Amino acid sequence: MRGVPAWRRQHSVTHPSTVSALRADPPSPTRGEGKARAALATLFLSIVFLILPALTARAMDIQSVTSPKGITAWLVEDYSVPIVAIRFVFGGGSTQDPVGKEGLANLMTGLFDEGAGPLDSEDFQIKLDDAGAEMSFEESRDGLYGSMRMLAEQRDQAFDLLRLAVNEPRFDQLPIDRIRSQILSGIIAGENDPDTVAQNKWARALYGDHPYSRSDQGTKESIATITPDDLKALHRAVFARGGLHVAVVGAIDPETLKKKLDMVFGNLPQNQALSPVADIDPKLAQHVEVDYDLPQTSLQLAYPGVKRKAADFFPAVLMNEILGGGTFTSRLFQEVREKRGLAYSVNSSLINQDHANALVISTGTRSDRAAETLGIVRDVVKQLAEQGPTEAELAATKKYMIGAYAINNLDSSSAIASTLVELQLDDLGIDYMQRRAGYINAVTLDQVKAAAKKLLTTEPTIMVIGPKLAGAGKG
């Protein structure tokens with residue numbers, strides 16, 4: 001799912017904002033501790049599946065609501081608590097930053113609650129507090145997201161503030177300078193942070209001069225050049241009805257929502273004015289080193305991905321879950337952590353963006369055992385590519401992926417709204433959640449084996465953050 005991330009939708013249990021190399025923690029627990037954790041995991045899943053029907057039923061009742069001005073939103077009415085949550089996205093994120101103005105979209109998202117319409121920054125914040133509302137904006141590479149949670153009894157005031165933020169952001173110089181200073185501090189701190197340096201190097205290695213290679217924060221030089229006119233130009237280009245997707249969850253009826261949709265979004269221009277962005281395949285078969293004298297080494301491996309609309313998408317998702325997506329049951333977890341205690345965490349993620357796809361494995365371990373860990377990871381990948389999973393693994397993975405969907409994606413009003421926006425972005429249809437289990441159950445063992453061979457036999461790009469590896473083989 002897409003969400004805030006710089007990498008777009010990740011089909012795994014976790015959803016980090018970027019695919020980062022993970023730092024190693026203490027070695028894995030003893031065998032007895034492992035059994036205890038497994039028992040707790042089983043108990044947890046039992047509880048999950050007991051409450052699952054109620055969560056799923058709550059999410060299934062989705063209405064498509066279209067306002068008189070043609071704004072469409074997916075609505076889940078829920079009066080169990082007096083809260084309304086809205087989530088929306090405009091297509092076009094940091095990829096729309098002009099060359100030399102990198103960081104523009106990121107800076108803009110920090111300014112929507114810093115003054116709008118007749119309200120300056122202080123007045124807007126006071127009104128927001130008075131309305132009992134929470135508002136946030138963030139960018140990904142491919143979208144600009146907005147969210148608001150509000151008390152149902154104060155929704156008129158809250159929606160009016162959202163209207164001002166969406167249509168009439170002020171971009172006053174004082175808030176610009178303050179937010180810019182905060183971002184600049186982060187950029188400077190990142191210059192001395194191994195993971196930040198590594199992720200920037202990783203993106204350049206995979207994507208060359210494509211917009212995906214650029215830091216969302218920008219650089220010290222680019223962030224300094226951004227003016228109010230730049231912000232206004234990006235706002236005009238992106239904030240248009242043609243690129244908008246909206247989801248609303250909570251104590252609001254369709255007729256009231258129609259009025260609010262027109263009030264907030266109805267006066268925006270119809271069409272966006274986005275710069276074209278080319279599709280790109282990540283450049284593989286590279287070895288990227290970020291040499292730091294660290295006691296722990298982080299490892300990342302990038303393999304080919306699969307498009308969301310591809311016929312083999314679900315076979316690839318199931319294969320990834322077996323490889324490294326499953327928290328306690330994946331092959332990587334068992335071989336790297338449980339059997340050898342080489343890392344605290346190891347995972348794989350299928351990552352879908354608008355213009356690129358990849359499968360990425362991440363882990364971290366003691367630097368003196370990094371070469372060994374990399375060798376084990378590559379052996380696990382090779383075995384799955386050559387032999388595929390077992391029938392038992394596939395059956396268990398199907399059961400988990402069907403059962404855990406609600407708890408992973410529908411555990412709050414905000415989570416439901418985010419999930420519904422992602423389903424719209426992927427053009428999956430309003431009844432997708434009813435159809436999803438059928439797609440998963442229809443996948444055959446041969447299809448998963450084919451997906452493993454297709455994605456995992458390519459030589460990956462490998463990044464090492466830490467001391468140079470000694471004696472690492474390809475596996």
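Axes are lines fitted to C-alpha atoms, for helices over the stretch in contact, and angles run from 0 to 180 degrees between N-to-C directions. The model is predicted, with local features requiring pLDDT of at least 70 and side-chain atom pairs pLDDT 80 or more, while totals for chains, interfaces and linings use all residues. Residues are numbered from 1 along each chain as its sequence is written, and side-chain values use heavy atoms, without hydrogens and water.

Helices (DSSP runs of H or I, at least four residues) and strands (E, at least two) are numbered from the N terminus. Helix H13 (residues 391–403) packs against helix H16 (residues 432–441) at about 170°, with the axes 10 Å apart. The two are therefore roughly antiparallel, a term for angles over 145 degrees, just as roughly parallel denotes those under 35. Lys398, Met401 and Ile402 of H13 meet Arg436, Ala437, Ile440 and Asn441 of H16, contact meaning heavy atoms within 4.5 Å.

Helix H4 (residues 155–167) and helix H9 (residues 254–265) pack at about 30°, their axes 8 Å apart; H4 and H9 are therefore roughly parallel. Among the contact residues are Phe159 and Val166 of H4 and Met263 and Phe265 of H9.

Just after H6, Gly208 takes a positive phi of about 60°.

Notes:
Angles under 35 degrees count as roughly parallel, over 145 as roughly antiparallel, 65 to 115 as roughly perpendicular and the rest as oblique.
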